Amino acid sequence: MNLPLLIDSKLKVPNAMQPDHSILQRPSRREFLRRGGMGFGSLGLASLLADEWMCPAATGAEAIAQPMRLREPHFPARAKHVIHLFMNGGPSHVDTFDPKPELTKRHGQTMEGKDFRTERKTGSLMKSPYSFAKYGESGLEISELFSELGEVADELCVIRSMHTDVPNHEPSLSMMNCGTINLVRPSVGAWVTYGLGTENQNLPGFVALCPGLPIKRVQNWQSGFLPGTFQGVHLDTKQTEVDKLLDNIRNPWLGREGQRRQVDLLQQFNRRHAEQRAGDGELEARIHSYELAFQMQMEAPEALDINQEPEHIRQMYGDTVQARQILIARRLIERGVRYVQVYHGDGQPWDNHENIENGHRRLAKECSQPIAALLKDLKQRGLLDDTLVIWGGEFGRTPAVEIPMPGSNGSPSGRDHNHYGFTMWMAGGGVKGGHVHGATDEVGYQAVEGRMHVHDLHATILHLLGLDHERLTYRFSGRDFRLTDVHGNVNHDIIA
């Protein structure tokens, strides 16, 4: 990777023969505490920082110095890795994994006594344009959209009773990814790598794959108030060449030995700088990023090169953007990456307010085959048992048709956002296969049985990884924060 020899402009190399002109710059809060009042302020800050790190086996300076080192969970884990297949935009549950015969019977009727607030105006009930069939020994019902998943139906744990707080993309994405609708908080992947570290120090612990960027962009995989080391690394999977997928991964002018000397010099200066600013998370993250960038040259190009896969494996996944990025996800967790998010596409592709029949059909065709291939591939490699695969969007869609906006030329053929009830599924990683949990009402408007909030989902994911969501905390601004805030219950009904 191209690494500049020039270091951060804020870095000052001490020299006994020169005055320290850094005092002329505006000091940071830590520098102010260190310099003011004979340094007593910094002593108080140090005492606060000492208990910032509350992960299972690492505290204080040890964790900051080795932020991604492998750590033991709170209790024996069922899963070691996570692949989150994020259908950003909100797929319709009544058209995918939650069949509603009553919705078909009442097509065109209005819902008596039902007046749920959605984002836009809706009209009468609209039946699903897709047929459902039963698959596997479990008889799991799956839409024709995802018929390829019928081959792995007995691996799926379908949660039909999900619900969240609001029917808008931005806050719902924030809730699904960070556990809150409107505050800057660490993402799930950041919490997981903070708590457990990662097995491979030559690759990031948390990777976000997306052809483009979803709405809210990098906020979806942010580290929040956690050190920046735990933020996800985004790869734009529209790129098919490794050198473009990960920019500047190779240095055309310096060999590995020369780069090692360059990075060592850079890190020497940065460490000297950091010694005067103990506990500065942003600085530690910058130092770690330089080292990780160098180490990634050893393994990242190989991990991202799907052409190294046998022909029959590539054919099993298919030759599409979704196929490539889902296969890359498998290659990453196989090499020790802890948490991989796979977004369907740029913006919010599953947001079919109009023509849901063609829209959902096209989107499902892009990903159904590679998702089924992923589950079969993980199983045949012995990886499914300790890899938790999650599928779903930020919310579902209404069983009632959306009324087109005034002035639009659209016809009433789509569905609006629905946060009252929607479907997600999991596979592997210790969950029950061929199992259905919970239910929405007779037409799919609202979760009514075995209701599971996003906070409960997060608590359960952490539990499967061996982490107690109430104990995985980080002290920030005088308070111990956690992913689930003051909410969340582990759903033991879906655990095998």
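Predicted model: local features only at pLDDT ≥ 70, side-chain atom pairs only at ≥ 80, totals over all residues.
Reader: Let's start with helix α6. How many of its residues are buried?
Author: Nine of the nine, covering residues 188-196, so α6 is largely enclosed by the rest of the structure.

Reader: Ok, and which ones are they?
Author: Val188, Gly189, Ala190, Trp191, Val192, Thr193, Tyr194, Gly195 and Leu196 are the buried residues of α6.

Reader: What follows α6?
Author: Gly197 does, and its phi is positive, near 70°.

Reader: You mentioned α5. How many of its residues are buried?
Author: Nine of the ten, so α5 is also largely enclosed by the rest of the structure. The buried ones are His169, Pro171, Ser172, Leu173, Ser174, Met175, Met176, Asn177 and Cys178.

Reader: And which residue follows α5?
Author: Gly179, with a positive phi near 80°.

Reader: I spotted Cys178 in there. Why does Cys178 count as buried?
Author: Because its relative accessibility is 2%, and buried means under 20%. Cys157 is buried as well, with a relative accessible area of 0%.

Reader: Switching topic: what are the phi values of Lys216 and Arg217?
Author: Lys216 has a positive phi of about 70°, although Lys216 is not a glycine. Arg217 isn't a glycine either, and its phi is positive too, near 45°.

Reader: Why point that out?
Author: Because most residues other than glycine have a negative phi.

Reader: Where are Lys216 and Arg217 found?
Author: Lys216 is in the loop between β6 and β7, and Arg217 is found in the loop between β6 and β7 as well.

Reader: Are they buried or exposed?
Author: Lys216 is partly exposed, with a relative accessible area of 22%. Arg217 has 52% relative accessibility and counts as exposed.

Reader: Now β7. Where does Val233 sit?
Author: Val233 belongs to strand β7, which covers residues 233-236. Val233 counts as partly exposed, at 26% relative accessibility.

Reader: What is Val233 in contact with?
Author: Setting aside neighbours within four places in sequence, Val233 is in contact with Pro204, Phe206, Val207 and Ala208. Trp221 is twelve residues away from Val233 along the chain, and the C-alpha atoms of the two are separated by 8.0 Å.

Reader: Last topic, helix packing. How do you describe two packed helices?
Author: By the angle between their axes and the distance between the axes.

Reader: So what are the values for α11 and α12?
Author: The axes of α11 (residues 321-334) and α12 (residues 356-380) come within 8 Å and cross at roughly 20°. That makes α11 roughly parallel to α12, since angles under 35 degrees count that way. The crossing of α11 past α12 is right-handed.

Reader: Which residues make the contact?
Author: From α11 you have Gln322, Ala323, Ile326, Leu327, Arg330 and Ile333. From α12 come Glu366, Cys367, Pro370, Ile371, Leu374, Asp377 and Leu378.

Reader: And what's the split by class?
Author: The contact of α11 with α12 has nine nonpolar, one polar and three charged residues.

Terms used. Residues numbered from 1 in each chain as written. Heavy atoms only, no water. Buried < 20%, exposed > 50% of the residue type's maximum accessible area, 1.4 Å probe, protein only. Helix = DSSP H or I, 4+ residues; strand = E, 2+ residues; numbered from the N terminus. Contact = heavy atoms within 4.5 Å. Axes fitted to C-alpha atoms, helices over the stretch in contact; angles between N-to-C directions. Parallel < 35°, antiparallel > 145°, perpendicular 65-115°, else oblique. Left-handed = near helix turned anticlockwise from the far one by under 90°. Nonpolar A, V, L, I, M, F, W, Y, C, P; charged D, E, K, R; others polar.
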